[in-house]
Amino acid sequence: MAIKLLQDDLINKIAAGEVVERPASIVKELVENAIDAGATKINVNIVRGGIDSVEVEDNGSGIAPDELMLAFQRHATSKIGREEDLNNIATMGFRGEALPSIASVSKIQIMTAQTDKPGIQAVLEGGVLINSAPCSCPPGTRIMINDVFYNTPARREFLKTPVTEGNNVHEIMNRLALSRPDISFKFSNQNKTFFKTPGKGDLMDTVTSIYGRDFSQNLIPVAYDSDRFSISGLISPPEITRTNRKNQLFFVNTRAIRSPMLYKTVDQAYRGLLISQEFPLAFLFINMPPAEIDANVHPQKTEVRFRDEKVIFRLVVEVIRDTLGQLNYKYNLPTQLADSEPYTPDYDNGRFEFSTVAPRESGMAYQNMTKPDNTENRYDFTSLPASDTPLNYRVMGQCFNSYIMIEKENELVLIDQHAAHERINYDKLRSAADKGNMSQALAFPVSVQLSVKSMQVLENNLQTLTSLGFTIDIIGPREIAIRTAPWAARGNERETILEILELLQEDKLLDVTDEAYKLLACKKSIKAGQVLSRLEMETIIADLLKLPDYRNCPHGRPVILSISRQEMDHHFKRI
Ligand SMILES: Nc1ncnc2c1ncn2[C@@H]1O[C@H](COP(=O)(O)OP(=O)(O)O)[C@@H](O)[C@H]1O
Ligand SMILES: [Mg+2]
């Protein structure tokens with residue numbers, strides 16, 4: 001074929017591949033336009049996960065009638081004009097790609113008006129103007145996208161089910177609403193309202209309206225300010241964690257971004273307070289002069305490049321550590337590790353001291369915190385080793401407060417105390433489930449306020465929850481009462497149910513019940529860094545070695561490291 005320039009409509013369809021992957025990306029682009037237009041109220045409604053329609057309504061600046069068609073042209077933007085502007089981007093959009101890309105693969109109805117000026121409405125199909133006419137509408141813009149990918153069947157086939165697409169939109173909406181607590185966002189799916197944020201500028205209120213009161217009430221504010229950088233947000237205390245990073249969100253100059261570096265700051269800041277594979281909650285806002293970052297590295301603008309990554313890394317870690325340090329969390333870190341790090345933690349007696357959480361003077365929200373009872377789990381002695389059976393091993397002690405050392409026949413064996421306990425608890429849960437006695441009645445029902453989303457998930461999964469041992473009464477549109485719970489959730493029912501409901505929202509899990517057992521087993525287990533009595537160690541070992549799969553924890557990680565007598569003798573050149 002001869003070389004020729006592509007037609008505009010084809011270029012737009014190609015570009016749509018980058019900007020418009022799925023309904024969630026359309027929602028993101030349209031809401032960002034509304035934010036850039038200075039809106040203080042943004043309403044979003046989707047139908048069938050956004051596949052049938054996405055509607056975004058804002059009270060922003062509106063578009064002048066004679067500029068409307070320009071907005072649908074490629075590289076048409078009101079946000080940058082000169083090359084220098086690229087180094088100083090303060091708006092969410094700037095590439096002038098979204099509207100033409102979305103228009104090229106869908107049917108659009110738009111109505112827009114500037115304050116005290118006549119409005120205009122237009123209908124486009126596949127990027128082609130079908131009709132437009134003056135209209136009277138309130139100041140702002142209402143845009144409705146229908147039948148996404150109707151003219152690109154191959155792309156349409158790549159869409160997932162309406163539920164999955166809807167979940168993706170939901171996640172994007174959470175992030176957008178969190179990114180701007182000063183804007184009131186309302187999000188509805190199939191005309192059911194999932195949240196409406198107050199838009200008064202308070203992050204905690206915004207988090208509460210999206211995730212529910214029992215989610216937000218334990219979060220701790222962080223804040224730091226200098227003339228170059230400011231960091232603010234909410235983090236969870238180390239005893240409130242999740243098994244994934246879904247609740248670790250970062251906003252750089254109000255833009256939600258993905259950044260492995262920022263994930264690492266959280267890992268680093270909580271190091272010594274957590275066992276591995278636990279992820280604390282963190283909603284962190286980092287602000288800096290636009291010239292400090294390059295936002296133009298990704299078509300969807302979900303990544304940024306920092307001019308001074310190291311400084312930001314260190315600052316975020318320090319801000320989190322200072323906050324936790326003031327709450328008297330003590331780090332349990334090996335000395336070498338701490339020495340090689342830029343930040344030196346405050347050592348005390350080298351073990352966790354969750355039990356000494358002192359509320360801070362300043363009367364922050366943390367004072368209301370309901371501390372889970374099992375922050376320091378103990379071993380329940382259900383099966384003391386019978387004293388008359390001769391043991392073929394000897395428990396020697398605990399190493400780094402994390403590993404139990406035993407001498408067994410011709411081996412020195414190190415056992416990860418957390419992993420071992422997790423295996424024991426998991427097997428116990430499974431056998432309780434087999435016998436059908438998972439649930440224990442609570443002396444007093446525990447009431448929990450949920451997000452609308454979690455409430456929906458709960459209603460759709462009551463049977464699974466029952467099989468896990470929960471008996472739950474729905475006592476309000478967002479409120480439940482837990483009457484029975486599995487023994488492994490004892491004392492920690494509220495957090496456990498929030499976490500299980502989050503787990504149930506994930507659609508790629510193969511066996512939800514099994515994942516829930518793992519979660520329960522992990523939560524109930526002794527942690528690394530916890531000092532154990534000899535009796536505890538002996539019982540753990542006795543219980544562990546009885547199990548068929550004692551070599552691995554339920555997540556598949558090893559429980560045991562053994563060094564044979566022979567290896568040792570070899571090493572010391574005895575043989
Ligand atoms: N909701 C809106 N309110 C006011 N103006 C809008 C809105 N949406 C789009 N526009 C205008 O249309 C232009 C093109 O939008 P878009 O294609 O998303 O590109 P970009 O946001 O990168 O400028 C914007 O620069 C803006 O002037
Ligand atoms: Mg835009």
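**Salt bridges, nonpolar cores and a buried asparagine**

At 7% relative accessibility, Asp543 is classed as buried in this predicted model. The side chain of Asp543 forms a salt bridge with that of Lys546, with an N to O distance of 3.5 Å. Lys546, by contrast, is exposed, its relative accessible area being 57%.

In total, 28 salt bridges are found in the structure. One of them links Arg565 to Asp569 through their side chains, again at 3.5 Å from N to O. Both residues belong to helix 18, which spans residues 565-571, and their spacing of four residues corresponds to about one turn of the helix. Asp569 is buried, with 15% relative accessible area. Elsewhere, a network of salt bridges with shared partners comprises Arg430, Asp514, Glu515 and Lys518.

Nonpolar packing was examined next. In soluble globular proteins, nonpolar side chains tend to be buried together. The largest nonpolar core in the model contains 93 residues, and Val31, Ile42, Met173, Phe185 and Ile482 have the most contacts inside it. The greatest contribution to this core comes from helix 2 (residues 23-36), which supplies seven residues. When neighbours within four places in sequence are set aside, the contacts of Ile42 include Val31, Ala34 and Ile35, together with Val56 and Phe185. Ile42 also touches Glu57, Asp58, Ser184 and Lys186 under the same criterion. A further core of 32 residues lies apart from the largest one; Ala269, Ala282, Ile293 and Phe306 are among its members.

Asn425 is a polar residue placed in helix 12, which covers residues 417-435. Its relative accessible area of 2% is under the 20% limit, and Asn425 is therefore buried. The side chain of Asn425 makes a polar contact of 3.2 Å with the side chain of Ser525. Beyond its neighbours within four places in sequence, Asn425 is in contact with Ser525 and also with Trp487, Ala521 and Lys524.

Key:
Residues are numbered from 1 along each chain as its sequence is written. Chains are lettered from A and ligands numbered from 1 in the order in which they are written. This is a predicted model: local features need pLDDT of at least 70, side-chain atom pairs count only at pLDDT 80 or more; totals for chains, interfaces and linings use all residues. Side-chain values use heavy atoms; hydrogens and water are left out. A salt bridge is a side-chain nitrogen of Lys or Arg within 4 Å of a carboxyl oxygen of Asp or Glu. Buried means under 20% relative accessible area, exposed over 50%, partly exposed in between (1.4 Å probe, protein chains only). Helices (H or I, at least four residues) and strands (E, at least two) are DSSP runs, numbered from the N terminus. A nonpolar core is a set of buried Ala, Val, Leu, Ile, Met, Phe, Trp, Tyr and Cys residues joined through side-chain atoms within 4.5 Å. Contact means heavy atoms within 4.5 Å. A polar contact is a pair of N or O atoms within 3.5 Å; within protein, one must be able to donate a hydrogen and the other to accept it, and residues adjacent in sequence count only if both atoms are side-chain atoms.
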